[in-house]
Amino acid sequence: MSQESNTPGALEAMIGYQLKHLQSVLRSRMDEKLRPLGLSTPQYACLELLRRSPGASNSELARGAFVTRQTMNTLLGSLQDRGLVTRAAKAETGRALPTTLTTEGSKALDQAVERVERISALMVSTLDDELKAHLGEALDLCIGALENEDSKSTPT
């Protein structure tokens, strides 16, 4: 076996590295554009999730925004202090305190969506419609493969 076949490819050519690099640049651009609104990317994600699922629990929001429950609790506290969300004082059932957007939260989210959509459009601006569709399909397949593997794996 030659030395070349044992040498790993360039780090920049590895799909996982490319995805992480993209995620890092995307997050940086989103934070930059959301900062004047007083929002971070996770806060934006939280507001967007609440628009789509009013009354979502802290755990549901944390999963959707890719943060820990503790981080989401802190994040929700800051959004509540700013009047962008409301949380029930006590749970109707169980321990989950449902959270909803306020009118001010909806307004802030509308402004944030415009900015995030511009970033998303820029990100794919060099792709034609067919490539955009293929990219979305390919990413869905990759996510599905890893999520399905997690559910199939057994502890060793």
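**Figure 1. Elements of the predicted chain.** Helices here are DSSP runs of H or I with at least four residues, and strands are runs of E with at least two. By that count, the chain of this predicted model holds seven helices and two strands. Read from the N terminus, the order is α-α-α-α-α-β-β-α-α.

**Figure 2. The α2 and α6 helix pair.** Helix α2 spans residues 15–34, and helix α6 spans residues 103–123. Their axes lie 10 Å apart, at an angle of about 145°. The crossing of α2 past α6 is right-handed. From α2, the contact draws on L22, L26, R29, M30, K33 and L34. From α6, A112, R115, V116, I119 and M123 take part.

**Figure 3. The α4 and α5 helix pair.** Helix α4 covers residues 58–65, and helix α5 covers residues 69–81. Their axes come within 9 Å and cross at roughly 105°. Angles of 65 to 115 degrees count as roughly perpendicular, so α4 and α5 are roughly perpendicular to each other. N58, S59, L61, A62 and A65 of α4 meet R69, M72, N73 and L76 of α5. This contact of α4 with α5 has five nonpolar residues, three polar and one charged.

**Figure 4. Burial and surface of the chain.** Of the 156 residues in the chain, 25% are buried. Among contacts between residues at least 6 apart in sequence, 50% join residues at least 24 apart.

Key: Residues numbered from 1 in each chain as written. Predicted model: local features only at pLDDT ≥ 70, side-chain atom pairs only at ≥ 80, totals over all residues. Heavy atoms only, no water. Axes fitted to C-alpha atoms, helices over the stretch in contact; angles between N-to-C directions. Left-handed = near helix turned anticlockwise from the far one by under 90°. Contact = heavy atoms within 4.5 Å. Parallel < 35°, antiparallel > 145°, perpendicular 65-115°, else oblique. Nonpolar A, V, L, I, M, F, W, Y, C, P; charged D, E, K, R; others polar. Buried < 20%, exposed > 50% of the residue type's maximum accessible area, 1.4 Å probe, protein only.
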